[in-house]
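This briefing concerns a single structure, shown below.

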Amino acid sequence: MTLTDDLRAAVGERHVLSDPELRAPYETDWSGRFHGEAALVVRPGTTDEVAAVLAACRRAGAPVVPQGGNTGLVGGGVPRGGEVVLSLGRLDDVGVPDLATAQVELGAGATLGALQAAARAAGLDAAMDFGARDSATLGGIVACDSGGVRALRHGTARARVAGLEAVLGDGTVVRRMSGLLKDNAGLNLPALLVGSEGTLGVVTRVRWRLAAPPRRRVAVLVALDSLDEVVGLVGRLRTEVPSLEAVELLLPEGIAFTCEYLGVPSPVRDAAAYVLAEAVGAQDPTEELAAVVPDDALLADDTATRERLWRLRETLTEAIAAAGIPHKFDVGVPIARLAEFLERVPPAVEAAAPGSRTFQFGHLGDGNVHVNVLGPEPGDEAADEAVLRLAAEVGGTISAEHGVGVAKARWLHLIRSDAEIAAMRSIKRALDPDGVLNPGVMLPGTASPAASATTHL
Ligand SMILES: Cc1cc2nc3c(=O)[nH]c(=O)nc-3n(C[C@H](O)[C@H](O)[C@H](O)COP(=O)(O)OP(=O)(O)OC[C@H]3O[C@@H](n4cnc5c(N)ncnc54)[C@H](O)[C@@H]3O)c2cc1C
């Protein structure tokens with residue numbers, strides 16, 4: 001039996017895609033920067049089928065790339081050349097939220113949008129949101145420990161995972177779905193899988209912790225004349241607005257670029273920087289917010305105006321992608337050195353990649369800055385090197401929420417010690433002894449012993 005036969009036996013003939021046209025959507029990432037040919041794309045429909053696919057690939061020594069909604073931005077979910085893509089899209093069932101625990105069970109292929117709809121229908125809140133909500137899946141969100149605009153209040157995926165089911169690289173199915181708030185019996189395997197970027201196991205089911213529903217939501221867009229004022233405002237928002245849920249940063253070039261893309265006039269005066277904040281409370285949080293922002297801030301307490309303000313922030317990513325293939329860096333920096341970092345990035349990028357265009361924005365309250373650079377060829381890593389080194393130099397991290405993927409694996413050593421990386425390698429060897437899961441992702445030099453599945457077809 002060939003690998004193709006084995007996989008067809010595992011999931012059914014029509015869920016093994018070998019036709020290049022059918023494979024194509026699984027082979028290039030959302031940004032267009034990362035691309036590779038898959039040997040095959042396999043679409044299991046149950047956990048047992050996922051286990052059977054992994055068993056077949058291990059027998060054949062064929063490397064596997066798990067893929068959810070393919071919205072990841074660090075090249076970890078698309079093939080590098082010759083791997084089997086294991087698409088979780090068919091595991092998309094969404095359970096009914098349990099009101100007593102405020103938790104819900106979902107298949108790994110369910111989207112964030114589907115989770116949000118289920119939570120709303122039950123009078124609860126998904127406690128997570130970001131622009132790719134209609135494609136990003138729970139499996140991908142858990143695998144990347146995704147954050148988004150509301151992590152400031154609700155934490156990243158790690159804080160929301162109440163239970164997990166996964167097929168480990170060695171083929172074992174591990175399941176802890178009781179959803180108990182307190183359960184410290186032994187090592188917490190689900191916690192190990194959060195943020196493992198498909199290198200240790202394939203997430204098949206998730207038990208998600210929901211939040212109480214938002215009652216009153218108010219947003220505010222503030223124009224500020226210096227980056228130091230931005231840092232001051234973040235501090236006041238954090239300490240004086242208990243209902244604070246999101247604090248985002250926009251810079252003038254980003255606002256102008258988005259407004260041009262949308263064909264709308266800028267709603268704000270010229271300034272050095274803009275802060276978009278949102279507060280959510282059981283009571284109206286307008287007064288809390290108004291007390292800490294300048295008089296000329298734009299307050300939005302109705303849905304239409306709030307959505308218009310948020311569109312400025314969310315559309316920027318889309319506008320940049322429409323202008324070219326961006327190099328996207330998702331870094332974290334200590335708030336105390338945020339202004340310095342924002343000022344040093346443009347000259348550093350210009351020196352590394354002359355003539356390129358740099359945008360900075362992001363989840364300010366978390367110190368999470370997205371640096372997007374348009375201009376360099378996809379394979380030119382000079383700007384990557386400059387930005388990631390700068391983030392490390394100011395005491396930050398090279399990855400705040402998108403993950404390391406293949407894009408940043410060779411810079412992991414900037415922020416993780418040799419001892420930490422060695423411990424990660426030991427865990428990888430223990431849970432994925434044949435090295436079939438996502439070779440080359442996160443840990444540098446983990447290319448699979450069988451670099452391609454093509455020879456086994
Ligand atoms: C417009 C836009 C806005 C975004 N905004 C944010 C944001 O604000 N915050 C944020 O954190 N991210 C953001 N992202 C990044 C992205 O959406 C997240 O990383 C998302 O969680 C990835 O989910 P996915 O299902 O698309 O995963 P994929 O892209 O398919 O995969 C991502 C990684 O997870 C692994 N993986 C996927 N599914 C599984 C599984 N079931 N088991 C094991 N491993 C798996 C893959 O191998 C890969 O390494 C944004 C992306 C876009 C395009």
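Two strands are taken to pair if DSSP finds at least two bridges between them. Helices (H or I, at least four residues) and strands (E, at least two) are DSSP runs, numbered from the N terminus. The model is a predicted one, in which local features need pLDDT of at least 70 and side-chain atom pairs count only at pLDDT 80 or more, while totals for chains, interfaces and linings use all residues. Residues are numbered from 1 along each chain as its sequence is written, and side-chain values use heavy atoms, with hydrogens and water left out.

**Sheet**

- Four strands form an open sheet in the order β5-β8-β6-β7, and their pairing is antiparallel.
- β5 (103-107) and β7 (173-176) are the edge strands; each has a single partner, so one side of each lacks a neighbour in the sheet.
- From one strand to the next, the twist averages 15 degrees (axes are lines fitted to C-alpha atoms, for helices over the stretch in contact, and angles run from 0 to 180 degrees between N-to-C directions).
- Helix α3 (residues 47-60) packs on this sheet and touches β6, β7 and β8, its direction making about 40 degrees with that of β6; contact means heavy atoms within 4.5 Å.

**Strand β6 and its partners**

- Strand β6 (residues 161-168) is joined by seven bridges to the antiparallel strand β8 (residues 201-209).
- Within this pairing, V161 stands opposite W208, and L168 stands opposite G201.
- On β7, β6 pairs in the antiparallel sense over four bridges, with V167 opposite V173.
- The hairpin of β6 and β7 has four residues between the strands, and G171 there takes a positive phi near 95 degrees.
- Eight of the eight residues of β6 are buried, so the strand is largely enclosed by the rest of the structure; buried means under 20% relative accessible area, exposed over 50%, and partly exposed in between (1.4 Å probe, protein chains only).

**Helix α10**

- G254, I255, F257, T258 and C259 are buried in helix α10 (residues 252-262).
- The buried residues of α10 pack against β10 (244-250), β11 (273-281), α12 (303-323) and β14 (357-363).

**Salt bridges**

- There are 31 salt bridges in the structure, each being a side-chain nitrogen of Lys or Arg within 4 Å of a carboxyl oxygen of Asp or Glu.
- R150 and E245 form a salt bridge whose closest N and O atoms are 2.3 Å apart.
- That pair links distant parts of the chain, 95 residues apart, with R150 in the loop between α5 and α6 and E245 in strand β10.
- Both R150 and E245 are buried.
- A salt bridge also connects the side chains of R344 and E340 (2.8 Å, N to O), which both lie in helix α13 (residues 338-352), four residues or about one turn apart.
- R344 is partly exposed at 30% relative accessibility, and E340 is partly exposed at 28%.
- Through shared partners, salt bridges join D125, R150, R153, R217, E245, E278 and R306 into one network.

**Surface patch**

- L187, L189, L192 and I427 make up a nonpolar surface patch with about 350 Å² of accessible area together.
- Patches are made of residues with over 30% relative accessible area and no salt bridge, with like charges joined within 9 Å and nonpolar side chains (Val, Leu, Ile, Met, Phe, Trp, Tyr) within 5 Å.
- Accessible areas come from the Shrake-Rupley method with a 1.4 Å probe, and for residues only the protein chains shown count as cover.
- I427 belongs to helix α15 (residues 418-431) and counts as partly exposed at 33% relative accessibility.
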